[in-house]
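Q: Could we go through this model together? I would like to discuss its packing.

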Amino acid sequence: LSMSGRTEFWPQVWEAFMESPIIGHGYYAGHRALTLTGLATVSSVDNTYLEVLVDLGTLGLAILLMALTFSCLSLYSCRPYVTDPKTAEYWRPTWLLMIGCLMLVGIRSFTGPTFQVLHPNLLIFLAISVCGASASRIISHSEQGRA
């Protein structure tokens, strides 16, 4: 139930966030605020969103959530169903792979660091975001060409 002890110190992390809820304690410096609450021995709070709240506050979390939302919207806008059947046949496996990877990165972010501390999963997230936005643009241009 405690996800291998990860959730046991989250109340202390929340207290550190509440000390500076709007702008946080500073990117990479937020962990120093955790040492004040007795968490000097952990390298991460094992939750992307809590880490962002401590480091960058609600302002930083809003920016992160906007990036996630825009990535989801761009992938939704380029789903295979909006293309012609032949293109959809080739595009579906790639689209499913990107959706699956985005879901895995999103789920992992609740139990560990992902894209807030230059984690390798940041590269996966950025690749999905760029590919989704590019595919969405390509599809919208091809639809305009048909009209």
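Predicted model: local features only at pLDDT ≥ 70, side-chain atom pairs only at ≥ 80, totals over all residues.

Q: How many residues does the largest nonpolar core have?
A: The largest nonpolar core has 25 residues. Those with the most contacts inside it are Val13, Leu75, Cys78 and Trp91.

Q: And which elements give two or more residues to this core?
A: They are helix 1 (10–19), helix 3 (48–77), helix 4 (85–108) and helix 5 (120–146). Helix 3 supplies the largest share, nine residues.

Q: What does Cys78 touch, leaving out residues up to four places away in sequence?
A: Cysteine 78 touches Trp91, Trp95, Gly132, Ala135, Ser136 and Ile139.

Q: Turning to helix 3 and helix 4, at what angle do they pack?
A: The angle is about 165°, and their axes are 13 Å apart. Helix 3 is therefore roughly antiparallel to helix 4, the cut-off for that label being over 145 degrees.

Q: Is the crossing left-handed or right-handed?
A: Helix 3 passes helix 4 in a left-handed crossing. Tyr49, Cys72 and Leu75 of helix 3 make the contact with Trp95, Met98, Ile99, Leu102 and Gly106 of helix 4. By class, seven of these residues are nonpolar, one is polar and none is charged.

Q: New topic: why does tryptophan 14 count as partly exposed?
A: Tryptophan 14, found in helix 1, counts as partly exposed because its relative accessibility is 41%, and that class lies between 20% and 50%.

Q: Which residues is it in contact with, neighbours within four places aside?
A: Tryptophan 14 is in contact with Leu50 and Leu53. The C-alpha atoms of tryptophan 14 and leucine 53 are separated by 8.4 Å, although the two are 39 residues apart along the chain.

Technical notes: Residues numbered from 1 in each chain as written. Heavy atoms only, no water. Core = buried A, V, L, I, M, F, W, Y, C linked by side-chain atoms within 4.5 Å. Buried < 20%, exposed > 50% of the residue type's maximum accessible area, 1.4 Å probe, protein only. Helix = DSSP H or I, 4+ residues; strand = E, 2+ residues; numbered from the N terminus. Contact = heavy atoms within 4.5 Å. Axes fitted to C-alpha atoms, helices over the stretch in contact; angles between N-to-C directions. Parallel < 35°, antiparallel > 145°, perpendicular 65-115°, else oblique. Left-handed = near helix turned anticlockwise from the far one by under 90°. Nonpolar A, V, L, I, M, F, W, Y, C, P; charged D, E, K, R; others polar.
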